[in-house]
Structure formats: structure tokens, C-alpha cells
Amino acid sequence: MDLRPHYRALGDTGIEVSPIGLGTVKLGRNRDVKYPDPFTLPDDDAVRALLAVAREHGINLLDTAPAYGASESRLGELIGNRNDWILCTKVGESWDGNGSTFDFSADAIRASVERSLRRLRTDVIDIVLIHSDGADVGILQGDAVATLDDLKRRGLIRAFGMSTKTAAGTLLAAETCDVLMTTFTEVEPDVREAAIAAGTAGAGLLVKKALQSGHRADGAALASPLASAAVSSVVVGTISTKHLTENVGQVLAAVA
Ligand SMILES: NC(=O)c1ccc[n+]([C@@H]2O[C@H](COP(=O)([O-])OP(=O)(O)OC[C@H]3O[C@@H](n4cnc5c(N)ncnc54)[C@H](OP(=O)(O)O)[C@@H]3O)[C@@H](O)[C@H]2O)c1
């Protein structure tokens with residue numbers, strides 16, 4: 001099973017991504033999460049094995065965030081060849097083991113990207129998304145976008161955007177961002193419509209929580225977003241090599 005012939009353009013960024021990406025919340029954080037079952041963080045060998053299976057099938061997109069606990073540091077340590085991967089991380093939300101704090105100021109965003117560069121052990125991050133707290137429009141009216149644009153001009157990041165939570169935020173973000181991450185389900189049809197409009201207009205579109213964080217784990221949930229040409233990749237969280245392989249099979253059946 002090889003996804004490589006099915007890579008999709010990430011909007012107008014020049015980046016190409018596999019139609020399924022690997023979400024890495026569960027590599028770094030097992031408290032204060034919305035998954036149906038409790039779980040233990042995988043050890044280093046299990047993470048290496050997961051990443052090896054992802055590579056074998058041609059997955060090139062890894063999605064992480066400072067808010068995912070040890071996820072960024074573990075990826076930095078365990079991904080092997082940096083050039084094998086498109087790394088997507090976030091700014092704006094921090095998680096200290098107990099709860100989240102949000103800071104979308106220019107200083108916080110610059111400091112967060114510098115910390116992610118160190119943790120991911122890289123000179124350039126492919127994609128940085130604003131990790132919205134829900135107030136998408138208010139955040140977009142602040143300094144965050146201009147700060148990320150400056151980091152892009154300085155060569156520290158290749159593309160930037162926002163993981164949005166509202167339809168209005170998705171549409172507004174599309175005016176200034178390279179990439180959007182949104183849900184894409186019948187539960188939030190207004191967000192889905194806004195995402196399709198944004199993707200059609202040239203934003204790279206990444207889909208999050210397609211399996212509703214494990215509450216709806218069926219193949220149709222992966223196939224349905226990929227039926228839209230506006231979607232570049234569905235980012236699915238898993239720490240199971242079995243589930244990862246099943247998901248790749250479902251995606252290949254949908255896109256091949
Ligand atoms: N605001 C944001 O920016 C934001 C918010 C949420 C998520 N995200 C990103 O999107 C990614 C995906 O979201 P998510 O992790 O919340 O949810 P998800 O991808 O919808 O679901 C992940 C859950 O589904 C289970 N699963 C995966 N494949 C399965 C299969 N074939 N059969 C049965 N169960 C399966 C996983 O358990 P196993 O480990 O047992 O496979 C995991 O508990 C995240 O990892 C993250 O990268 C971003």
C-alpha cells in the first residue's frame with residue numbers, strides 16, 4: 001500500500017502531502033483529552049515502529065503542537081531523517097500538564113516557534129498553525145498572522161495558517177493564510193462549507209478529528225472528506241500500527 005502516487009498539493013504552498021497525515025496528540029499527552037478510552041503513552045520503540053509504518057505506506061505529514069505535551073520533543077528525537085517529513089505544529093496554546101493557557105501575542109508566537117524549532121530539532125518548520133481557543137475572528141484581528149508572515153519571510157517557517165473552530169473564522173483566515181485545519185463533518189456543516197470555499201480559493205486544507213476523536217471510527221469518515229478536491233489531507237490520530245494500516249487502506253480505496 002503506497003500513498004506516494006496520491007500526494008496532493010497543499011493549496012498554493014508548493015508543499016505536497018499524503019492524503020492521510022498522522023496526528024500525534026497521543027504520543028505526548030494522555031490527560032485532559034477527549035478520546036473514548038484511557039491509554040498509556042507509547043514508549044520510544046513503539047513510536048519508532050509507528051513512524052516506520054507511516055513511512056512505509058508513504059505518509060509524509062506529521063501534525064503536532066506544543067499543547068500535545070511531549071509530542072514535539074518526541075518527534076524531534078524519533079523521526080529519523082528530517083527530510084522524510086512535512087512537519088506541522090501550532091502556536092497560541094500551551095499545556096502544562098494540568099490545563100491550557102492561550103497567548104496569541106507577537107512575542108508569544110515568536111517564542112513558541114523558536115521553542116518548536118528546538119524541540120523538533122530542525123532549522124525550518126513546514127507548517128505553523130494558530131491553535132485557536134474558539135475566538136477565531138478576534139485572534140485574526142490581532143498580531144498573530146503578521147507575526148507568522150514575518151517568520152515565513154525570515155525563512156523559519158514555510159507556510160502558516162490556523163486551526164479554526166468557526167465558519168466565520170475559516171472564511172476570514174482564508175483571506176490571509178496559506179493553510180487551514182478544520183473539521184469536515186455533517187455535525188458542523190457551516191464549517192465544512194466554509195472549508196470547501198477556502199480550499200477552492202487556494203488555501204491548503206487539512207481535516208482534523210475525522211473520526212470524531214475515536215467516537216466514530218469508520219472508513220467512510222476518512223473517505224468522505226477526500227471526495228472533495230478542496231481537501232489536501234485528513235490528519236488522523238492513532239498510536240496503533242494496526243489502525244494506521246487500516247486507515248491507509250481506507251484512504252487508498254477512496255483516492256485510488
Ligand atoms: N485544534 C486543533 O488544532 C486540533 C484539535 C484536535 C485534533 N487536532 C489534530 O487532528 C488529529 C486528529 O484528531 P484526534 O486525534 O482528536 O481524533 P481522530 O483522528 O478523529 O481520532 C483519533 C482516535 O481514533 C482512534 N482510531 C484511529 N484509527 C482507528 C481505527 N482504524 N479503528 C478504531 N479506532 C481508530 C484512535 O485510537 P488508537 O490510537 O487506538 O488508534 C484515537 O483515539 C490530532 O491528533 C491532531 O493532530 C488538532
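This note goes through the ligand site and the pockets of the structure above.

1. Basis of the note. This is a predicted model, in which local features need pLDDT of at least 70 and side-chain atom pairs count only at pLDDT 80 or more, while totals for chains, interfaces and linings use all residues. Residues are numbered from 1 along each chain as its sequence is written, and side-chain values use heavy atoms, with hydrogens and water left out.

2. Surroundings of the ligand. The ligand is surrounded by 28 residues, of which the closest are Tyr35, Asp63, Ser163, Thr238 and His243; a residue is counted here if one of its heavy atoms lies within 4 Å of the ligand. By class, this shell has ten nonpolar, twelve polar and six charged residues, where Ala, Val, Leu, Ile, Met, Phe, Trp, Tyr, Cys and Pro count as nonpolar, Asp, Glu, Lys and Arg as charged, and the others, Gly among them, as polar.

3. Polar side-chain atoms at the ligand. A polar side-chain atom of Asp63 lies 2.4 Å from an oxygen atom of the ligand, and one of Lys26 lies 2.9 Å from an oxygen atom of the ligand. For His131, a polar side-chain atom lies 3.3 Å from a nitrogen atom of the ligand. The protein covers 88% of the 890 Å² of accessible area that the ligand has on its own, as computed by the Shrake-Rupley method with a 1.4 Å probe.

4. The largest pocket. The space taken by the ligand is the largest pocket, a pocket being an open set of points, on a 1 Å grid over the protein atoms alone, where a 1.4 Å probe fits, with protein on both sides within 12 Å along at least five of seven lines. The volume of the largest pocket is about 1200 Å³, taken as the space filled by probe spheres set on the points.

5. Its lining. The largest pocket is lined by 47 residues, with Val25, Lys34, Tyr35, Lys209 and Ser213 nearest its centre; lining residues have an atom within 4 Å of a point. These residues divide into 17 nonpolar, 16 polar and 14 charged.

Technical notes. Polar contact = N/O pair within 3.5 Å; in protein donor to acceptor, adjacent residues only side chain to side chain. Sits in = over half its atoms within 2 Å of the grid points.
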